[in-house]
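Work through the exercises below with the sequence and the model in view. Each task is followed by a solution in steps.

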Amino acid sequence: MPELGDAEGFRRSALRLAGALIARLEVPDPSVVRNVDVATLQRAIRGSVIGSACRHGKCLLIPVGTSWMLLRFGMTGSLILDETGNVSRRFERLSIGTDRGWLRLVDRRRLGNVSLARTEPECAELIGALGPDALRIGNPEFIAQLRSSRGSIKSAMMDQQRIAGIGNFGSDEILWRARIRPDAPAASLSPAQWTSLHRATRSVMHLTARAGHTPRGRTWLTSVREDSRALCPRCSTCLCRSEVNGRTSVWCPECQPPSSLATRA
Ligand SMILES: [Zn+2]
């Protein structure tokens, strides 16, 4: 599932076409276009020059002439740079054709979408519901955004209106590094735990953004989480799985003790 790091990778693909002239827009699946019809989108962007793409959370904003296209990637979406025209077009939903190549939105499960903003206020409105970006958020704001939640810390972290960019895998990775159990109530965290959590969030977000995806390696929970008998990469204890807000959470019972024990420690 695309998270902040993946969206950062898509941003870098879009940046490769900054300055390119849009010659055509192909939309094999018109249902991905949300707030306008396909003909309106085509009229708005054809003949425009692509600007420097930016990212907020898991969303990508691509300036096109005086407008912006906002791309959301859902569960399985990705943005592929096709400079030769030879990339597979399986699950292609929308493609922007320029004088220097194509940007293709592919999405197997069709949960991603594209919106058009013609003015800055429209643009601000499209991303307005999202919280601050997880890569840039400072410590006081990080705590303020999450501490007011009545739910678990994991569900608060995944709430895009609180903080934008952290998904299911990202929240598990961060909580494992901060040694906090995913189902711990957000309101129960100690000052030391908030510090650890913010530090782990910054670290994971920076490493995933730099890689353009979640890196795989011996020190990553994400690398082993899908193995049915996965062991903790830190202490080799059998990892646990549980449901938090309908999503499978993976955690280590040794490294992430119940909050009462963590408070005593
Ligand atoms: Zn462990």
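**Exercise 1.** Is Lys154 buried or exposed?

Solution. The model is predicted, so a local feature needs pLDDT of at least 70 and a side-chain atom pair pLDDT 80 or more, while totals for chains, interfaces and linings use all residues. Residues are numbered from 1 along each chain as its sequence is written, and side-chain values use heavy atoms, with hydrogens and water left out.

Step 1: find the residue. Lys154 sits in helix α5, residues 153-158; helices (H or I, at least four residues) and strands (E, at least two) are DSSP runs, numbered from the N terminus.

Step 2: apply the cut-offs. Buried is under 20% relative accessible area, exposed over 50%, and partly exposed in between, with a 1.4 Å probe and protein chains only. Lys154 has a relative accessible area of 0%, so Lys154 is buried.

Step 3: list the contacts (heavy atoms within 4.5 Å). Not counting residues up to four places away in sequence, Lys154 touches Asn168, Ser171, Asp172, Leu175, Pro182, Val244, Thr248 and Ser249.

**Exercise 2.** Describe the zinc site and its geometry.

Solution. Step 1: name the donors, which are N, O and S atoms within 2.8 Å of the metal (3.2 Å for Na, K and Ca); water is not among the atoms, so sites may look incomplete. The SG atoms of Cys232, Cys235, Cys252 and Cys255 coordinate the zinc ion at 2.2 to 2.3 Å.

Step 1: read the spacing. Along the sequence the donor residues follow the pattern C-x2-C-x16-C-x2-C.

Step 2: check the angles. Four donors count as tetrahedral if all angles lie between 85 and 135 degrees. Here the four donor atoms subtend 101 to 114 degrees around the zinc ion, so the arrangement is tetrahedral. The ideal angle for four tetrahedral donors is 109.5 degrees.

Step 3: compare accessibility. Cys235 is partly exposed at 31%, whereas Cys255 is buried at 5%.

Step 4: look at Glu254. Glu254 lies in the loop between β10 and α9 and is exposed, at 56% relative accessibility. Leaving aside neighbours within four places in sequence, Glu254 is in contact with Cys235 and Thr237.

**Exercise 3.** At what angle do helix α1 and helix α7 pack?

Solution. Step 1: take the axes as lines fitted to C-alpha atoms over the stretch in contact, with angles from 0 to 180 degrees between N-to-C directions. Helix α1 (residues 4-15) and helix α7 (residues 191-211) pack at about 35 degrees, and their axes are 7 Å apart.

Step 1: list the contact residues. Leu4, Gly5, Glu8 and Arg12 of α1 meet Met205, Thr208, Ala209, Arg210 and Ala211 of α7.

**Exercise 4.** Which values of phi do Arg179 and Asn245 have?

Solution. Step 1: read the angles. Phi is near 60 degrees for Arg179 and near 55 degrees for Asn245; each is a positive value in a residue other than glycine.

Step 1: place the residues. Arg179 lies in the loop between α6 (168-178) and α7, and Asn245 in the loop between β9 and β10.

Step 2: classify them. Arg179 is partly exposed at 44% relative accessible area, while Asn245 is exposed at 64%.

Terms used. Tetrahedral: all angles 85-135°; square planar, octahedral: opposite > 155°, others 65-115°.
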